[in-house]
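Here are my notes on this model, point by point. Please read them with the structure open.

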Amino acid sequence: MAVKKSNNTLKLQFDTSRQYAPAPESASIASIKSRYELFINGAFVAPTEKKYFNTINPATESVLSSVAEAGKKDVDKAVVSARTALNKYWKKMPGKERAKYIFRIARMIQERAREFAVIETLDGGKPIRESRDFDVPTAANHFFYYAGWADKLEYAFPNRKVQALGVAGQIIPWNFPLLMAAWKIAPALATGNTVVLKPAESTPLTALKLAEIIQEADLPPGVVNIITGAGSTGAAIVQHPDINKIAFTGSTDVGKIIQRAIAGSSKKATLELGGKAANIIFEDAPLDQAVEGVINGIFFNQGHVCCAGSRLYVQESVYKIVLQKLKDRLETLIVGDPMDKNTDIGAINSKQQLETIQKYLQIGQKEGAEMYQSSCALPKKGFFCRPTLFTNVAQSSRIAQEEIFGPVLAIQTFRTEEEVIEKANNTPFGLSAGVWTDKGSKIFNMTSQLKAGVVWANTYNKFDPASPFGGYKESGFGREGGLHGLSAYVHLI
Amino acid sequence: MVSNQTIVIPDFRQTPRVDQVGIEERAARITKRSLKKETKLNGLLLALNMIDLTTLEGKDTQGKVKQLCYKAMHLHDSYPGLPTVAAVCVYPSMVKTAKTALGNSGIKVAAVATAFPSGQAPRDVKIRDTKFAVQEGADEIDMVISRGKFLEGEYHFVFDEIASIKEACGNARLKVILETGELGSYDKVRRASDIAMYAGADFIKTSTGKISPAATLPVTLVMLEAIRDFYYQTGKMIAMKPAGGISRSKLALHYLVMVKEILGDAWMNNEWFRFGASSLANDLLMQIVKEKTGVYQSKDYFSID
């Protein structure tokens, strides 16, 4: 019996022998080549300098494939092919024809959804449940959504003439590789731009798979070029004189470098950078759903989410009960093999990122915060981190100020609405926030005062292609998604 | 056990709120758990052992009840080693028949009482109904709450009624049916759960089976969370019984996952969790046999009842 004499010792039994048998998704669905070349001008071509790098599975540390590293010359080739495609085909093509290609890409992603999901999980370490239920369908939705806009741009911007910017250089991160590619490519194509896209070096495979689809979809050669490489490849894209627009999603540090690099040029830019979102629970909130939202807000994709709700503010009157509920929920999160359908938290994307997270765990403890981790066992191989809560955190703690980008939640308490607004806005970032309360008027007050690009009320991490996304302050500028996402790729005359 | 004096009766107008979107998402997330091999088989066997095999019809006869009781004890004799169901659930007039038929099999007899299913009768009638069933030998009483009074905001009436039926039950365990399909919102389900538990329910139960919708995963989740909060408040474990609309094994397994992940292992047995169902048993049997033999058999290999 779980009943104990005193309330202090009451505990529900979650850490028992009654565990789920393995339910692995089959890796054999995915065909991964042993080597990938650069996708330039509609064909896969070897890099000029013949350099390649390995991409590994972070859950097993085994090599998945060897991927071409694009040098300056390759970037140039890609930009030339994008420019040629722009002038030769894409600029002249009516919107409804462009739409057909984008629709085709969307459908092909859906048709090969399972393969995409498996590759995304193998290459990035995220649980198959998330790549299957979130990444891949949402990516397809973005293509569908923007395909619909391609022939309706004059309605998107009434009484204005819409002109494409030209060649867009797009650099995407490793946390949602396919989805970020979709966020970048779909609106660019819909508005008549051509693209040079660089996926992150640790997760290039789904973007390359997308290149195969684009080839099969018979897009005019050069409209989309996908080149792989590390930071230097990205720098070459940013500095290339014939690129009209830079779209970047990634860290605030790199965002600053990019902005310096393009200063004084005519390049337009949208930057979607880091975040340190506040999730705010008021005493009148539906607490169980709030706790679930907080858990999803910080542990979704191992916390590798720029809009992760990494700071939790709980009103003091419900602090104890919320903490109890958080700890109970933590115990039922399954950490382990990302390919297992029951896994909630997969592998940390890279060794480097794991070390960053571990560094912050030490900083948090040194700062006097109390660390609580779930009791789950971790796999021996691969990069894993237990879901972690920090209590006793001060506003001035580094773990409450800096972006950790891992499954680590810093919990603080507050007393009044004014106090929490002030604390929540007291950060260099401003990407997202969450508000949990049963009272509608409070929601409106909070959402109008929180300095964040996205504020979710009684939910978290909801993404819809029709809804714009982007940040304030050091979280970047420009919006992706929705109508706003179109305007980042057009001149209005 | 924590003594009753330490239990503070809360203001039921202030019960915790439930967010509809959030609770439905959480319930949907639970259905994403994938149960394979021995986990699946163990789950199927456990679910079988948690069934309250039910017949609640105007046309029930002694003959029908006797056959049902035999089935309760001998679910599928060609597959040795199967558990029995947990209980047989009948109207009070059939309790004696069921009790005699089940003998010392260990299977409980549950009786629906208190003017089931509408509950539209004076309190003294409900108490007599209950006492009669207990005298006839019922081990468990499934009562219905007065939904009309509840929706009028007469929470004290509902509370007092449950408390008086609990008293009439004596040693029989009391299941309180909220009839969630008539309550209209998750907030109300949560409030009714809290009232029932504080008034002395041993079980809270979703539905009579006579109203649609009957049990659903989100409604059950609301009730399980109420049970968990009550447990942390008082130290008392309350049992749960979703009833009606659960006829497939897969759905039953989703319920078990929910119990495991919300309340933990202490609730994973038929003392603390039941399924009110009749056709579920055969679907479970078909799946269990399939797990063993690798092939599905025709329905005709499984006895109806």
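**Notes on the predicted model**

1. Start with helix H8 of chain B, which is mostly covered: twelve of its 14 residues are buried. The model is predicted, so local features are taken at pLDDT of at least 70. The buried set in H8(B) is B:Tyr186, B:Val189, B:Arg190, B:Arg191, B:Ala192, B:Ser193, B:Asp194, B:Ile195, B:Ala196, B:Met197, B:Tyr198 and B:Ala199.

2. What do the buried residues of H8(B) pack against? Among the helices of chain B, they meet H1 (20–30), H6 (147–151), H7 (155–169) and H9 (217–234). Strands S5 (173–177) and S6 (203–205) of chain B are also partners.

3. The length of H8(B) checks out. This helix covers residues 186–199, and at 1.5 Å a residue its 14 residues should span 20 Å. Its end C-alpha atoms are 20 Å apart, which agrees. B:Gly200 follows H8(B), and its phi is positive, near 120°.

4. Now the helix pair in chain A. Helix H3 (residues 113–124) and helix H7 (residues 205–216) of chain A pack at an angle of about 150°, with axes 9 Å apart. H3(A) is therefore roughly antiparallel to H7(A), since angles over 145 degrees count as such.

5. Which residues make the contact between H3(A) and H7(A)? From H3(A) come A:Phe116, A:Ile119, A:Glu120 and A:Asp123. From H7(A) come A:Leu205, A:Thr206 and A:Lys209. By class, this contact has three nonpolar, one polar and three charged residues.

6. Is A:Asp242 buried or exposed? A:Asp242 counts as exposed, because it has 12 C-beta neighbours inside 10 Å and the exposed class takes residues with 12 or fewer. A:Asp242 sits in the loop between helix H8 (231–239) and strand S10 (245–249) of chain A.

7. A:Asp242 still has partners from elsewhere in the sequence. Leaving aside neighbours within four places, A:Asp242 is in contact with A:Val79, A:Arg83 and A:Val167.

8. Last, the contact between the chains. It takes 28 residues from chain A and 29 residues from chain B. On the chain A side, helix H10 (residues 287–299) gives the most, with five residues. The residues on that side divide into eleven nonpolar, ten polar and seven charged.

Technical notes: Residues numbered from 1 in each chain as written. Chains lettered and ligands numbered in written order. Predicted model: local features only at pLDDT ≥ 70, side-chain atom pairs only at ≥ 80, totals over all residues. Contact = placed C-beta atoms within 7 Å. Helix = DSSP H or I, 4+ residues; strand = E, 2+ residues; numbered from the N terminus. Nonpolar A, V, L, I, M, F, W, Y, C, P; charged D, E, K, R; others polar. Axes fitted to C-alpha atoms, helices over the stretch in contact; angles between N-to-C directions. Parallel < 35°, antiparallel > 145°, perpendicular 65-115°, else oblique. Buried ≥ 20, exposed ≤ 12 C-beta atoms within 10 Å, placed from the backbone. Expected span 1.5 Å × (residues − 1).
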